[in-house]
Amino acid sequence: MEKSMEKNTSDLSNMNIEDDNASDRKLLIAVDFGTTYSGVAWAQTRRPDVQTIIIQWPETANGGLEGVSSDKVPTELRYEGDKCHWGFQVDDFGSRHQWFKLDLDPSQPRGVSDLSRQFPDQHALPPSYTASAEKLCTDYLTALRTHTELVLKHKLPQSVLRSTPIEYIITVPAVWSDTAQAKTRACAENAGMGKALQIISEPEAAAIYALHAMDPHSIQVGDTFVLCDAGGGTVDLISYTVSALKPILQVEEAAMGSGRICGSTFLNRIFQKFLVDKLGLNEEWDDEVVEDAMKRFELVTKKVFRGELNEEFVIPVPGLADDPAQGVRRGKFRMTGAEVSQIFAPVVSEVVALVRGQIAATNKKVNAVLMVGGFGQNAYLRETIRASIDPSIEVMQPPNGWTAVVRGALMRGLSKLAPTTERVKVQSRSARKHYGTEIMSKYDSAKHAKSSSFWDEYDGESKVYDMSWFITKGSPVTEDKAFVKHYHKVWRVAEGPRQSVAQDILMYEDANDTGAPIYKDGGVGKDGTGGVKHLARLTADLSCIPSGELERRRGKDGRDYYVVYYDIEMTYYSACTKYALVYKGVRYDSVSAEYV
């Protein structure tokens, strides 16, 4: 019955092991499965200091290594018959699948973003069009894995590849639900990434790398940092306080993470709408004009813009007739800094609001905001944030910011396979929700409603069914260290031995921070939303235990009762929580549930 994670960690991916002496050697591949771009990095446990980012990506349908050199590859797909094109193979013309990762989590709908409603991609296929999110993610991850293995065949000797087990670590958003976690793992496993898959949250991975990249002499115990991972589709934030410097840097989460769909892709979409509104009626206007203009904006304009309103920017619009009134001359369109500023404004304002909110949530003196992700390297965004927060807070862009997530994921994965390589450790996190279970408690007139009470014949007193919250929202939880809660169940001997004992794990989101409800049916808003939700069920099989070995006790009513004492054991990890039901020292059931 046991479904422990320890069992999974001995499995391997599709590569075979032929050398028994290589048991201490593994090849770890980190995958930053992003909303708009994805990245891959790899290293060997015997040479953890040599960490390599894959920068070669196929541009043609024939695949191969020759094509585009980039630290990341677009998270896009296009199907043509039985062929699946991915990444740079998908050109700018025609429909394509993008942002499909977000559809793995129904609790995080892509429609929550005002920007995504106002500025949709005209070529993006709607969610679940022709294929489910699971199929799209599996096909994309399969292409990513296949290409990665092709690259490794050119980087490592075949004898090493044949004798070294390969393991993967993949990133997920910190707010990913239990369902999305399971779907992500299933997609990665179906894509051939093996059963020994590790999962880490994206902002935590980025923080591990960013803090490691900082000058250690500039960090002191008690320092608090806000990490802003601003990417193409989403912007995620998380905060940490330094708790120790030696033997390694240790940090504790200072505030619950936050995020929103307001990445740099919306700058491109707003620019495209601006261009269409401005020049779209021109007779020579076509897709080639749009493509050349978009490339210039993406590669040059939005990177060099510093907020100077009087500055002029040249955008190529080949084929358009001269029109001084529209600013078109010799196939070039001139934009003012004021116009570029208006394009940035709706996106940057959302990011600034997120940063200010995260700083306030720490309730501490923040030393610096660390900007990572592709959009996080933008100079105008950096300067706007700097001007919008306390001047004493530094705004920094660590090196390799665009690949910080995949680099941090690789560091984290290596530390699990080879603990001596760990350089940054997250000691504790802030719980995202309330977690608990329903129990039978002694009636308390100051706490419970009389109508909810009943007479318990075993103890000879009034009881109620209420909630026992073993984790409250915002409280610190320590990783990799199990803690235990004790419970027991009682029933009459006359009813006979039970085949099993079960315990439900429940959660409460508490969106308005009003506190956890006393009863399981509490916490429901006026609009019917919210309320306590079921997370997981743990079951212990008692059918093999002779009834004579079950503990018996005499109740207050003079009848005999069976009493079963058991524990709920909880262990928290970066991207999941593991619950186990323990009876007489034996783990009868274990499930992995959502990140807290």
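Predicted model: local features only at pLDDT ≥ 70, side-chain atom pairs only at ≥ 80, totals over all residues.
Residues are numbered from 1 along each chain as its sequence is written, and side-chain values use heavy atoms, with hydrogens and water left out.

**The open sheet and its helices**

- Strands β16 and β17 (residues 332-336) run antiparallel and are joined by two bridges; two strands count as paired if DSSP finds at least two bridges between them.
- Helices (H or I, at least four residues) and strands (E, at least two) are DSSP runs, numbered from the N terminus.
- β16 and β17 belong to an open sheet of three strands, in the order β15-β17-β16, with antiparallel pairing.
- β15 (312-316) and β16 (328-329) stand at the edges with a single partner strand each, so one side of each has no neighbour in the sheet.
- Helix α7 (residues 265-279) lies across β15, β16 and β17, at about 115 degrees to β17.
- Helix α9 (residues 337-362) lies across β15 and β17, at about 75 degrees to β17.
- For these angles, axes are lines fitted to C-alpha atoms, for helices over the stretch in contact, and the angles run from 0 to 180 degrees between N-to-C directions.

**Helix α8**

- The 18 residues of α8 (residues 287-304) should span 26 Å at 1.5 Å a residue, and the end C-alpha atoms are 25 Å apart, which agrees; the expected span is 1.5 Å times one less than the number of residues.
- α8 has a kink of about 45 degrees centred on F297, where the bend is the angle between axes fitted to the seven residues ending there and the seven starting there.
- F297 is also one of the buried residues of α8, which include V289, M294 and K302; buried means under 20% relative accessible area, exposed over 50% and partly exposed in between (1.4 Å probe, protein chains only).
- The cover over the buried residues of α8 includes α7, β15 and α9.

- β13 (residues 235-244) and β14 (residues 249-260) run antiparallel, joined by eight bridges, and form a hairpin with four residues between them.
- Within that pairing, T241 has E252 of β14 as its bridge partner.
- β14 also runs parallel to β20 (residues 424-430), through four bridges, and V251 has V426 of β20 as its bridge partner.
- Q250 lies in β14 and is buried, with a relative accessible area of 13%.
- The side chains of Q250 and Q427 make a polar contact at 2.6 Å, meaning a pair of N or O atoms within 3.5 Å; within protein, one must be able to donate a hydrogen and the other to accept it, and residues adjacent in sequence count only if both atoms are side-chain atoms.
- Beyond four places in sequence, Q250 is in contact with residues including T241, V242 and K425, contact being heavy atoms within 4.5 Å.

**Strand β11**

- β11 (residues 198-201) is covered on both faces, with Q198 and I200 buried on one side and I199 and S201 buried on the other.
- β10 (residues 166-172) pairs with β11 in the parallel sense over four bridges, and I170 has I199 as its bridge partner.

**T45 in its loop**

- T45 lies in the loop between β2 (37-44) and β3 (47-53) and counts as buried at 13% relative accessibility.
- A polar atom of the T45 side chain lies 2.8 Å from the backbone nitrogen of K26.
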